Amino acid sequence: MSTKTPITVARGDGIGPEIMDATLKILDAAGAQLDIEEIEIGEAVYKSGVANGIADSSWDSLNRTKIFLKAPITTPQGGGFKSLNVTIRKQCSLFANVRPCVAYAPYVETHHPEMDLVIVRENEEDLYGGIEYRQSQDVTAALKIITRPGCERIVRYAFEYTRANGRKKLTCMTKDNIMKITDGLFHNIFDEIGAEYKDIEQEHMIVDIGTAKVAAHPEMFDVIVTLNLYGDIISDVAAEVTGSVGLGGSSNIGSDFAMFEAVHGSAPDIAGQGIANPSGLVLGAIQMLVHIGQGDVGAKVHNAWLKTIEDGIHTGDIYRSKEDGGVSKEKVGTADFSAAVIERLGQTPSTLKTVDYSSAPPGGIKLPELKSQPERTKVRVGVDIGINWGGTADELAGLMSDCLLPEHNLKLQMISNRGTKVWPDGKPGTFCADNWRLRFMAENDKEEVKTSQVLALMNNMNEAGFNFTKSVMLHNFDGEPGFTVAQGE
Ligand code: NAD
């Protein structure tokens with residue numbers, strides 16, 4: 001019986017085929033047990049009329065192997081083409097993006113030689129749902145979606161990753177001082193799940209100061225877990241700080257599917273010249289080996305790669321001669337670099353830290369079932385109604401008295417504009433755009449607000465000529481409000 005792990009490989013565009021060739025040669029020489037199926041993705045597929053760059057037939061392979069080692073592709077500009085990465089991420093529910101950011105000083109120039117951190121970024125939720133609206137002439141809005149299962153999966157993955165990789169500390173970054181419900185949920189779940197991982201040091205930072213610390217003192221961090229948008233930004237900041245953006249590998253992990261790649265793109269400017277650095281893809285492939293339970297081979301490749309870098313055998317992008325203050329010894333092309341790594345298989349670095357993946361669980365990190373939650377009592381207590389309006393808040397409030405009837409069991413509690421309370425007792429200096437939010441709460445708070453009462457109110461507002469932009473029901477959960485108050489309320 002074959003013990004080889006089936007994987008799907010795509011050679012991509014630009015430098016993709018060159019760096020994939022170099023990577024596969026190293027994996028083969030290291031004894032990786034892989035059963036490789038190849039598919040075509042990228043520019044040629046886009047140009048054949050497939051809008052997302054991957055043909056339906058290629059999904060057969062991906063659905064079979066569920067492990068994808070992908071070289072970078074060129075996304076054609078304009079013409080309604082869709083990002084292949086986003087398509088795969090969404091269709092395969094790849095909820096975690098994992099990006100190690102490591103400094104290789106003095107071999108690669110950096111101001112932060114001690115930097116060795118990993119960013120675990122939530123990959124599916126947040127503002128990346130792409131749910132945006134133009135609500136009026138002047139006002140646009142985007143919806144930030146954060147779910148309990150989404151937070152639980154990424155946070156637990158981050159804790160398991162920290163433990164499996166022998167790391168010691170997990171830092172959670174959110175902006176829950178401002179976004180108390182969405183980012184607050186992420187932070188709460190971090191604390192809740194963290195209680196099960198007493199062996200791991202835990203801390204929470206507000207993302208703005210956290211990002212500043214990553215830029216100035218990256219050595220403070222070990223593993224960082226954060227929401228999608230913050231993770232997107234922090235991982236680029238961190239990659240830049242390592243001094244070697246081109247050396248980054250990344251993985252996108254789902255419950256039963258994972259994709260591994262280099263962080264960089266297809267570099268069309270140097271394609272076909274045999275000078276590209278294959279390191280980003282090699283480091284992505286090492287993450288794949290660890291994920292599929294071949295951590296021993298992953299460590300062998302990683303240590304040989306570190307030794308090659310340490311021996312000063314560098315591709316042009318990181319080569320710095322002695323005269324330039326560097327420590328590079330030999331400038332090599334893609335194929336010679338991979339040959340140098342192969343030559344060093346079985347060796348470990350002398351000054352850079354030797355890598356050991358023996359604590360990684362065989363077969364990759366498996367997450368338990370999501371926690372079951374007690375059903376909370378959900379009671380409708382009001383409604384926010386958005387309207388276009390060209391007058392003042394006081395005028396608007398005055399007109400509502402004609403629309404509200406006692407049987408609606410609703411009273412106008414406040415009006416806000418751009419999230420700031422402007423009625424009652426608005427401040428004259430508050431700038432107002434042309435979209436207003438009216439908050440109606442139950443007049444008799446012992447009684448749940450009925451949908452029919454909200455509809456009756458909206459019907460009266462409609463007859464009075466108001467122009468709706470949005471409405472959102474307000475609920476309490478076990479008596480706790482499931483909505484925030486307006487700024488200044
Ligand atoms: P890029 O990362 O391809 O290149 C930026 C610069 O870095 C270029 O000067 C390039 O020569 C250099 N570079 C990149 N990788 C290198 C390597 N391995 N060795 C040596 N030098 C390297 O970014 P770009 O030029 O903005 O994008 C080019 C194409 O790649 C675009 O079509 C973009 O859409 C695509 N892209 C794809 C992915 C992906 O498939 N995951 C990611 C990013 C960009």
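**Entry 1: the shell around the ligand**

I sorted the shell around the ligand by class and got seven nonpolar, seven polar and four charged residues. I kept in mind that I'm working with a predicted model. Which residues come nearest to the ligand? Of the 18 residues around it, I noted Ile73, Gly265, Ala267, Asp269 and Asn277 as the nearest.

**Entry 2: backbone atoms and the ligand**

Next I checked distances between backbone atoms and the ligand. For Gly265, a backbone N or O atom is 2.7 Å from an oxygen atom of the ligand. For Thr75, I found a backbone N or O atom at 3.3 Å from an oxygen atom of the ligand. Asn277 has a polar backbone atom that sits 2.8 Å from a nitrogen atom of the ligand. Then I looked up how much of the ligand gets covered: taken alone it exposes 810 Å², and the protein buries 63% of that.

**Entry 3: aromatic pairs**

On to the rings. A pair of aromatic rings is described by how far apart the centres are and by the angle of the planes. How many aromatic pairs are there? My count came to seven.

I picked out Phe95 and Tyr157, whose rings are 6.1 Å apart centre to centre, with 85 degrees between the planes. Planes over 60 degrees apart count as edge-to-face, and that is the label this pair gets. Where do the two residues lie? Phe95 is in the loop between α4 (84-91) and β4 (96-102), while Tyr157 is in helix α5 (residues 148-164), so the pair ties together parts that are 62 residues apart in sequence. Are Phe95 and Tyr157 buried or exposed? I have both down as buried.

**Entry 4: Tyr157 again**

Tyr157 also pairs with Tyr161: the ring centres are 6.3 Å apart and the planes are at 35 degrees, so I wrote this pair down as tilted. Both residues belong to helix α5, and because they are four residues apart there, about one helical turn separates them. Buried means under 20%, so Tyr157 counts as buried at 5%, and Tyr161 counts as buried at 11%. Putting the rings together, I noted that Phe95, Tyr157 and Tyr161 form one aromatic cluster.

**Entry 5: a charge over a ring**

Which residue lies over the face of Tyr128? I found Arg121 there, at 5.5 Å from the ring centre.

Terms used
Residues numbered from 1 in each chain as written. Predicted model: local features only at pLDDT ≥ 70, side-chain atom pairs only at ≥ 80, totals over all residues. Heavy atoms only, no water. Near = heavy atom within 4 Å. Polar contact = N/O pair within 3.5 Å; in protein donor to acceptor, adjacent residues only side chain to side chain. Areas by Shrake-Rupley, 256 points an atom, 1.4 Å probe, with all protein chains shown as cover. Nonpolar A, V, L, I, M, F, W, Y, C, P; charged D, E, K, R; others polar. Phe/Tyr/Trp six-rings, centres within 6.5 Å; stacked < 30°, edge-to-face > 60°. Buried < 20%, exposed > 50% of the residue type's maximum accessible area, 1.4 Å probe, protein only. Lys NZ or Arg CZ within 6 Å of the ring centre and 35° of its normal.
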